[in-house]
Amino acid sequence: MRRSVSSIAALVGLVGISLVASGTAALAAQPGKKVCAIKDPRLRELSGLVATDTGYIVINDGTEVASRKQVFYLDKNCKGTKAVQYSGDGPFDTEDLALSADGKTLWIADIGDNVTSSERRSRVALWSMPVDGSKKPVLHRLRYPDGKPRDAEALLMADDGSPVIVTKSTGKAEIFTADAKLPTDNAEPVPMKAAGEITVPKTATENPLQAAGRIAVTGAARSPDGTRVVLRTYADAFEFDVTGGDIVKALTTGKPRVTPLTDPFGEAITYTPDGGTFLTVSDVGSLGDDAEVDILSYVPSKTVAADVPDETEKATDTRSWMDKLTLTDITYLVAGVGVLGAILVGFGIFGIVRARRRPPVGDAGRRGGKGGDDAGRRGGKDGGQGRRGGGPERERDPRVGRQPGPEDQSDAHFVSAPDSGRRAGNQPDAADGRSRGRQDKSGSVYGGNRPSRGAVYGAGASAGSGGGGGAVYGGDGGRSVAGGHGGDLPSAGRPPAGGHGGGRGRTGGGSYSAGPGPAGNRRANDGYADERGGRGPDGRGPAAGGGYRDNGYR
């Protein structure tokens, strides 16, 4: 279980959990006495230990390295004497060792199932072999009663040879026993039954996993005489008295004695052959290459562990909410943060996609005028009165921007004008708003007589004046603001094909003025006015000098 425990250790270390049983005097942890050091590089992830008259038997935690997936025998100085291979494909995740009541059979607990594994186990197994290693281990398959996976690291063998398995949990540990005798190499696993639960007493012993390390059961052992059993965590050893060989009753009802341990990352425990001492060893696979693998001995304590009463704990508990978190709480917290982050990312992507699909802003928004008018853009203050030189707002002709077709060549869209090429002024004068008929010289949007005072798009001359100033587009005899002489810019009439857009010289130079252009620049019979005036050959074009009305095209 080293991989699972390493992940738990990192997580617990980040949040800084430190659960101390308030009101209980913490026992001082006496360092374990070094028995010997294991130097074999294959033995750095030890999870099971048994002491014999000749030395020790050890196994590694779950591994995929074939050379480490064996049962190792050591002498009393921790030097290897032999290694026994498993039969078949070998174990999946070995976690503990136990001796039978008579001491002749070695049992190997292949019951590990990391909670972080992508594929959990549907069944577990035990292996058995002669304690002297004269034969290979044989397999016995089991399954939990509800079919749910569990991680377990502690195995005890009862007097009748039935196994007792204790799960690894940060809350109540479950106890399971076999519901039938174990056959050898059985394809159908033997069902187990739930025998009880146990929660080890709270302590204040320091360990790499802090609070989680004080309650997670990582190993177990039975004394040679069968009168005691011990469960260990990463922090302490809890010894129970056994009466009448009933191990389950001892674990569920007994009051254990607690012995603090100082193992760097302890997962294994056993009794010496005389039953007077605990022996432990650590899984140092995650502690670095320079970490020593030592078998340590401890003298069992006579102090009975006592839980703190709930009332006292509540009254004196001054820990922060982070210190009160259990491993389960932390797991749910991390999962909740991950889900929340995924939701926020989803909302962000949705917002970006929706913004990109938003339709473009309409004309009213682009022009910036209040109420959709052009006042803000054109400078008018009365809803578009200043749109084209102060004239009243007109409905926009849908034909704006295209050349007139035959349906547009009616008298409603053309006016005749004097040969001077000036636009006939039937629109109100920009200065006084009066209509003067065909002879009015008011400056309209495109063409017309030059104004006496220049309007933005032409304002006709006042009565009797000779005219002065120039309109932007057009004005008789005046110089256009847009550049060139009057008539340099095209006026309302379509210019002859290939010809100029305006009249000659300084007379009648409005935009699209139909004044005469250079000879030879017209298409024959194109339906537009020639230089001499009148309508075109087809009778539908404008007279010379004529142009489009403002209310037809702008």
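How many helices and strands does the secondary structure of the protein come to? The answer is seven helices and 22 strands, where helices (H or I, at least four residues) and strands (E, at least two) are DSSP runs numbered from the N terminus.

Let me state the basis of this presentation. This is a predicted model, in which local features need pLDDT of at least 70 and side-chain atom pairs count only at pLDDT 80 or more, while totals for chains, interfaces and linings use all residues. Residues are numbered from 1 along each chain as its sequence is written, and side-chain values use heavy atoms, with hydrogens and water left out.

I begin with the protein as a whole. Of its 554 residues, 47% are buried; buried means under 20% relative accessible area, exposed over 50%, and partly exposed in between, with a 1.4 Å probe and protein chains only. Among contacts (heavy atoms within 4.5 Å) with a separation of 6 or more, 51% are between residues 24 or more positions apart.

I turn next to the disulfide, defined as a pair of cysteine sulfur atoms within 2.5 Å. The structure holds one, and it joins Cys36 to Cys78 with an S to S distance of 1.6 Å. The link of Cys36 and Cys78 is right-handed, with 45° about the S-S bond. Cys36 belongs to strand S1 (residues 33–38) and Cys78 to the loop between strands S4 (70–75) and S5 (80–85), so the pair ties together parts that are 42 residues apart in sequence. Both Cys36 and Cys78 are buried.

The remaining topic is salt bridges. The criterion is a side-chain nitrogen of Lys or Arg within 4 Å of a carboxyl oxygen of Asp or Glu, and by this rule there are 16. One of them pairs Lys34 with Glu292, at 3.7 Å from N to O. Lys34 also lies in strand S1, and Glu292 in the loop between strands S19 (278–282) and S20 (293–298), so this pair ties together parts that are 258 residues apart in sequence. Lys34 is partly exposed at 46% relative accessible area, and Glu292 is partly exposed at 48%.

In a further salt bridge, the side chains of Asp113 and Arg120 meet at 3.2 Å, N to O. Here Asp113 is buried, at 1% relative accessibility, whereas Arg120 is partly exposed, at 30%.

Finally, Lys172 forms a salt bridge with Glu197, with the closest N and O atoms 4.0 Å apart. Lys172 sits in the loop between strands S11 (163–167) and S12 (173–178), and Glu197 in strand S13 (residues 190–198), 25 residues apart. Salt bridges that share partners also join Arg228, Glu239, Asp241 and Arg257 into one network.
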